[in-house]
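This briefing summarises selected local features for computational work. Please consult the sequence and coordinates shown below.

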Amino acid sequence: MADAQVTAQERSTLSRIAADADVSTSTVSKVLNGRAGVSEATRARVEDLLHQHGYQRRGLRDPAALIELVFANFSTVWALEILRGVQTAAAARGLGVVVTESGDHRAPGPEWMDGVLQRNPIGVVLVLSGVTRSQRQQLQARGIPVVIVDPAGNPAPGVASVGSANWNGGLSATRHLLQLGHRRIGIIGGPVDMICSRARLAGYRSALEEAGVPVCEELILAGDFERDSGLRQAQRLLALPDPPTAIFACNDLMALGVYEAARLAGLTIPDDLSVIGYDDLNVAEWTGPPLTTVRQPLLEMGRQAAQMVLSLDETGPAPRVDLATDLIIRQSTGPAPS
């Protein structure tokens, strides 16, 4: 932002921050605009003071006509569905979408902040667990709103989010298998530090307890939402002395790994082994047999996250939306083998 656009009140605030940080106002301006030439220690000190002063220039900034969508990994159909939803909402407002890969499932990498400040989007949709405290302060100082899709835990106060009814999804998948007569039901969850993984597992446990079926810890394994982890963990389950007759994989990609493990073991789905996935990606219908799965409204989650970031009132409570899930029964589940 040009200095000419800085109001007298802002200039006074920036002068106080500069004095408190023992730097010049031009250094504060560099931090605000994400420019180079400032040490990390000085940048952190100025960011803390900007946050303490509640400094925000949103009303004066001139953002680019785009929404930034951030993934740790954009290689899956799952990510593509989220993008389609964000694009739908952005196009309705005449905006573009820029996709960034950065960090891991917890937060964007440290290099991301300089880039997003230069791109200056209207808002950011994060398909990650959240942002670090420092990243949040920098975004707030520049008036860039953030919405998180499917956060790993309870988002920090003031952070808006969109998720789905993960607990109910785990419950309905396990109930379906119980109704088919299965009692040895394995589960391959996602990363244990993600709230969606814990919620789906909690739904699985609740369904078993509701049916009076003991929870067997040896049937509970964690994957990483990738196909190969589904294959590895399914092979471990099928190698047990008393293997499961059904496996609930907590996403469709891992369910494809379970399919491969069954094929390698000479098992037929669903006669020998029932399989349920989660997400209802297009590929679920194309597998042989078509995959029973829990439909997660990924496109709608992306669309609502984009709409939320465009209308966010950062002076009010941060909204949280959880969308419903549905069990889609196809041919990969059947009665428990006798």
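How many bridges join strand E1 to strand E2, and do the strands run parallel or antiparallel? Six bridges join E1 (residues 66-71) to E2 (residues 96-101), and the two run parallel. The model is predicted, so local features need pLDDT of at least 70 and side-chain atom pairs pLDDT 80 or more, while totals for chains, interfaces and linings use all residues. Residues are numbered from 1 along each chain as its sequence is written, and side-chain values use heavy atoms, without hydrogens or water.

**Strand pair and crossover**
- Strands pair if DSSP finds at least two bridges between them; helices (H or I, at least four residues) and strands (E, at least two) are DSSP runs numbered from the N terminus.
- Leucine 69 has valine 99 in E2 as its bridge partner.
- From E1 the chain passes through helix H4 (residues 77-92) to E2, a β-α-β crossover that is right-handed (clockwise from the first strand over the helix to the second, with the strands pointing away from the viewer).

**Helix H5**
- Trp112, Met113, Gly115, Val116 and Leu117 are buried in H5 (residues 112-119), where buried means under 20% relative accessible area with a 1.4 Å probe, protein chains only.
- These buried residues pack against E1, E2, strand E3 (123-127) and helix H6 (133-141).
- Leucine 117 has a relative accessible area of 10%.
- Just after H5, asparagine 120 adopts a positive phi of about 55 degrees.

**Serine 172**
- Serine 172 lies in helix H7 (residues 166-179), and its side chain reaches the backbone oxygen of glycine 169 at 3.1 Å.
- Beyond neighbours within four places in sequence, serine 172 contacts Val294 and Leu327 (heavy atoms within 4.5 Å).

Note on methods
Buried < 20%, exposed > 50% of the residue type's maximum accessible area, 1.4 Å probe, protein only. Polar contact = N/O pair within 3.5 Å; in protein donor to acceptor, adjacent residues only side chain to side chain.
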